[in-house]
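This briefing is for a reader who has not seen this structure before. Please look over the sequence and the model shown here, then read the points below by topic.

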Amino acid sequence: DPQFVKATTLRHEEPHQDKIYYFFREDNPDKSPEAPRNISRVAQLCKEDKGGTSSLSASKWTTFLKATLICVDPITKGNFNWLQDVFIVPAGDWRHSKVYGLFTNTWGSSAVCVYSFGDIDSVFRTSRLKGYNGPTPEVKPGQCVLSGQHTPSETFKIADSHPEVEERVEPLWPSRSPLFHNKHRYQKIGVHEVAAGDGQRYNVLYLATDKGSIHKVVELPDGVQNIMEIQVFPNKDPIQSMILDHARAVLYVGSNSRILELPMDMCGVYRNNCHSCVLARDPYCGWANGSCLSLALSREVLQNLNLGSWQGNCQRGDVKE
């Protein structure tokens, strides 16, 4: 049975091409011993889909197609097949909008794989339907039709009996591999873009664990770095929900019994220690006037996001135990 994870809408240049995307997991139809029990999916649906014209198709979507999401480490061949959560990072061009998918596996490890909607759209537009070898109709399965029109019955019958495409959706080129993976079991993901003191913008990931803590992970030029772990709930209650307020730069984190508001910068964790503040390579925080400050308070700070620029500039008096 499908287990729903998230849905989002995406606007295209032409309104009748606007789509709804669903992210979910379901039982793997391949029951062979070596196949994973579950499989992660992305599905598309034209936003103006009005259903079919016959009595049998009137209650069914006519543009629904689904594809498999792949998140595999090419080195270890580790397969992360259980989609836990999804976070959408929009862009001016819808093709460049990104999907951050959080996956786990049966061994309790987690991975984050990043996809583009341009790649997802290409898979649905160009791939053959799994198990279908007949001719392609003039209106292809999954193709959006003009407002007020209906998908032809011939097209609907093919898509209804063969809703899965052959080609699978892989992570972003060129690596086609997870952004990172580790042995923690994450349950929720959020992504926030922040402008650092060097004028560059960095993506910061917030990952909620099953033990009530949050990991703060930064995408840096030389790779991904886990810069912080903060225990949110003292009894290690699992984090069930997490909402990012980008405008106020705060996180809302919920367990079964309480909700907390946390600042995204969390610069106080570095305890006004210059080395801790600067060597963490946290784009939110920097050293100035004897304190580890949020860049929301001061833009003139010492940071260490580019390793080549670090000259050990902490003064002796700035290091506090």
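The link of C267 and C285 is left-handed, with -90° about the S-S bond. The model is a predicted one.

**Disulfide C267 to C285**
- The sulfur atoms of C267 and C285 are 2.0 Å apart.
- C267 counts as buried because its relative accessibility is 4%, under the cut-off of 20%.
- C285 is also buried, at 2% relative accessibility.

**Disulfide C274 to C314**
- C274 is joined to C314 by a disulfide with an S to S distance of 1.9 Å.
- This disulfide is left-handed because the torsion about the S-S bond of C274 and C314 is about -85°.
- C274 belongs to helix α3, while C314 is in the segment after β17 (291-294), so the pair ties together parts that lie 40 residues apart in sequence.
- C274 has a relative accessible area of 0% and is buried.
- C314 counts as buried too, with 11% relative accessibility.

**Disulfide C277 to C292**
- Between C277 and C292 there is a disulfide whose sulfur atoms are 2.2 Å apart.
- Here the torsion about the S-S bond is about 75°, so the disulfide of C277 and C292 is right-handed.
- The pair ties together parts 15 residues apart in sequence, because C277 lies in helix α3 and C292 in strand β17.
- Both cysteines are buried: C277 has a relative accessible area of 2%, and C292 has one of 8%.

**Pairing of the bonded cysteines**
- If the bonded cysteines of the chain are numbered in sequence order, they pair as 1-4, 2-3, 5-8, 6-10 and 7-9.
- A disulfide is a covalent bond between the sulfur atoms of two cysteines.

**The sheet of β13, β14 and β15**
- Three strands form an open sheet in the order β13-β14-β15, and their pairing is antiparallel.
- β13 (241-245) and β15 (259-263) are the edge strands, each pairing on one side only.
- On average, neighbouring strands of this sheet are turned by 20° against each other, with direction ignored.
- Strand β14 (residues 250-254) pairs with β15 over 5 bridges in the antiparallel sense.
- Y252 has E261 in β15 as its bridge partner.
- Strands of a sheet pair through backbone hydrogen bonds, either parallel or antiparallel.

**Strand β6 and its partners**
- Of the 7 residues of strand β6 (residues 98-104), 6 are buried, so the strand is largely enclosed by the rest of the structure.
- Strand β5 (residues 82-89) runs antiparallel to β6, and 7 bridges join the two.
- I88 has V99 in β6 as its bridge partner.
- β6 is also joined by 7 bridges to strand β7 (residues 110-116), again with the two running antiparallel.
- K98 stands opposite S116 in β7.
- A hairpin is formed by β6 and β7, with 5 residues between them. In its turn, G108 has a positive phi of about 85°.

**Helix α2**
- T155, F156, I158 and A159 are the buried residues of helix α2 (residues 153-161).
- Seen down the axis of α2, these buried residues fall within an arc of 165°, so they line one face of the helix.

**M228 and its surroundings**
- M228 is placed in strand β12 (residues 223-231).
- With a relative accessibility of 5%, M228 counts as buried.
- Apart from its neighbours within four places in sequence, M228 is in contact with I214, H215, K216, D265, M266, V269, Y270 and D282.
- One of these contacts, D282, is 54 residues from M228 in sequence and 9.0 Å from M228 in space, C-alpha to C-alpha.

Definitions and conventions. Residues numbered from 1 in each chain as written. Predicted model: local features only at pLDDT ≥ 70, side-chain atom pairs only at ≥ 80, totals over all residues. Heavy atoms only, no water. Pairing = 2+ DSSP bridges. Helix = DSSP H or I, 4+ residues; strand = E, 2+ residues; numbered from the N terminus. Axes fitted to C-alpha atoms, helices over the stretch in contact; angles between N-to-C directions. Disulfide = S-S within 2.5 Å. Buried < 20%, exposed > 50% of the residue type's maximum accessible area, 1.4 Å probe, protein only. Contact = heavy atoms within 4.5 Å. Arc of directions from axis to C-beta.
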